[in-house]
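Reader: Could you walk me through this one while I have it open on my screen? I would like to start with the strands and then move on to the helices.

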Amino acid sequence: MKITQKTKVKDIFLIKFHYTRKLSNGETQHRRWLSYSMSQDKVYCFPCRLFSHLQTQIVKEGCCDWKDLSRILQRHEQSQGHMECMMKWTELFKGIKHGKAIDKDNERLIRESQKYWYNLFERLIDIINYLASQNLAFRAYRESFKLNKSKNSGNFLDLVKLLSKYDPTLRDHKQRINEKQLNQLYLSHDIQNELITLMSKLVINEIILRVKQAKYYAILLDCTRDVSRVEQMSILLRFCNLSTGAVEEHFIGFIDVAETTGECLTKSILQELERNDLDIQNCRGQGYDNGANMLGIRRGIRTRILNINPRSFFTPCGCHSWNLLL
Ligand SMILES: [Zn+2]
């Protein structure tokens with residue numbers, strides 16, 4: 001059948017007609033088992049599709065034989081297989097209504113599982129928060145959660161082991177690991193890194209929110225090479241916290257820089273400010289050390305930023321001692 005808007009409207013009336021069955025005593029009965037698919041323009045028997053393995057058209061592929069539909073529906077609803085499926089469907093419906101269906105048990109198990117993982121991650125996040133705020137290393141050379149395999153598994157895993165002596169959730173997790181019940185332990189360095197990244201995003205978002213509330217800010221920068229000899233620029237923001245009235249300095253991250261020229265560093269700073277949705281026109285201060293790329297009268301960052309925003313006054317390195325310390 002070619003489907004046009006006109007035939008579709010006609011079909012809907014046709015389907016509505018077939019949703020009612022006329023009994024021999026003259027009464028009408030609603031065919032609640034009949035289901036119409038708008039996308040496929042076919043009718044199905046809902047309970048037979050759930051419970052039956054019948055290969056008839058109305059069960060498997062859907063029926064669109066509109067001319068012969070009355071006869072097909074009548075023959076189907078009088079069949080033994082359909083009646084059995086209707087019984088099962090009615091029982092399931094009652095079970096769901098009174099909370100005795102198998103779904104109820106599944107839902108309970110899913111909720112319990114959710115609670116278990118939520119509790120576990122709550123503890124892992126607290127451990128990461130503690131180690132990060134104390135500037136402690138997370139990993140050791142050998143990482144194993146099993147007690148006998150490694151004497152020193154790093155601060156993170158050893159802290160999990162220690163707390164599992166006293167905390168029921170971690171004790172339960174340790175027991176599941178030892179009994180090999182879990183495919184994923186959620187204790188690897190990848191998980192640690194992922195959690196650290198997510199937490200750092202939250203911290204930076206909070207810092208940026210405070211900067212936006214204060215409106216005006218200063219930037220403090222310094223460059224140094226890391227152990228892998230990649231030039232990195234540290235960025236700090238200095239602003240007045242409006243809720244406490246105190247001046248705060250916050251480190252918001254390292255940026256890998258390809259070159260240490262004034263032009264390249266200025267571009268990186270502007271990109272970083274733009275990424276954090278901070279307007280350079282609200283910058284009221286800049287602080288660097290005395291390098292030529294920083295302070296150069298023509299090509300240094302100081303001059304390039306002053307050209308964009310003349311109000312971003314330069315202050316020498318003494319004002320960013322924390323930055324140098326990093
Ligand atoms: Zn059926």
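This is a predicted model: local features need pLDDT of at least 70, side-chain atom pairs count only at pLDDT 80 or more; totals for chains, interfaces and linings use all residues.

Reader: Okay, and in which sense do strand 5 and strand 6 pair?

Author: Strand 5, covering residues 217-225, and strand 6, covering residues 231-240, pair in the antiparallel sense, with 8 bridges between them. The hairpin that they form has 5 residues between the strands, and in it Arg229 takes a positive phi near 65°.

Reader: What stands opposite Leu220 in strand 8?

Author: That is Gly287. Strand 8 spans residues 283-287 and runs parallel to strand 5, to which it is joined by 4 bridges.

Reader: And how many bridges join strand 6 to strand 7?

Author: There are 9 bridges between strand 6 and strand 7 (residues 247-256), and these two strands run antiparallel. Within strand 7, Glu248 is the residue that stands opposite Phe239. The hairpin of strand 6 and strand 7 has 6 residues between the strands, and Gly245 in that hairpin takes a positive phi near 80°.

Reader: So what's the strand order of the open sheet?

Author: The order is 7-6-5-8-9, which gives an open sheet of 5 strands with mixed pairing. Strand 7 and strand 9 (313-315) are the edge strands, each of them pairing on one side only. If direction is ignored, neighbouring strands of this sheet are turned against each other by 25° on average.

Reader: Which helix packs on the sheet, and which strands is it touching?

Author: Helix 8, residues 189-214, packs on the sheet and touches strand 5, strand 6 and strand 7, while its direction makes about 45° with that of strand 6.

Reader: Switching to helix pairs, at what angle do helix 9 and helix 11 cross?

Author: The axes of helix 9 (residues 262-275) and helix 11 (residues 301-308) cross at roughly 50° and come within 9 Å. Angles under 35 degrees would count as roughly parallel and those from 65 to 115 as roughly perpendicular, so helix 9 is oblique to helix 11. As for handedness, helix 9 passes helix 11 in a right-handed crossing.

Reader: Which residues meet there?

Author: On the side of helix 9 they are Gly262, Leu265 and Thr266, and these meet Ile301, Arg304 and Ile305 in helix 11. The residues of this contact divide into 3 nonpolar, 2 polar and 1 charged.

Reader: I also want to check backbone angles in the loops. What is the phi of Asp41, and where does this residue lie?

Author: Asp41 has a positive phi of about 55° although it is not a glycine, and its place is the loop between strand 3 (34-37) and strand 4 (42-45). Such a value deserves a remark because most residues other than glycine have a negative phi.

Reader: Why does Asp41 count as partly exposed?

Author: Asp41 counts as partly exposed because it has 16 C-beta neighbours inside 10 Å, whereas a buried residue would need 20 or more and an exposed one 12 or fewer.

Reader: And what about Lys180?

Author: Lys180, a residue other than glycine, also has a positive phi, near 55°, and it is found in the loop between helix 7 (168-178) and helix 8. Lys180 has 7 C-beta neighbours inside 10 Å and therefore counts as exposed.

Reader: Last one: how many helices and strands are there in the protein?

Author: The protein has 12 helices and 9 strands, and 18% of its 326 residues count as buried.

Technical notes: Residues are numbered from 1 along each chain as its sequence is written. Axes are lines fitted to C-alpha atoms, for helices over the stretch in contact, and angles run from 0 to 180 degrees between N-to-C directions. Angles under 35 degrees count as roughly parallel, over 145 as roughly antiparallel, 65 to 115 as roughly perpendicular and the rest as oblique. A crossing is left-handed if the near helix is turned anticlockwise from the far one by less than a right angle, and right-handed if clockwise. Two residues are in contact if their C-beta atoms, placed from the backbone, lie within 7 Å. Ala, Val, Leu, Ile, Met, Phe, Trp, Tyr, Cys and Pro count as nonpolar, Asp, Glu, Lys and Arg as charged, and the others, Gly among them, as polar. Two strands pair if DSSP finds at least two bridges between them.
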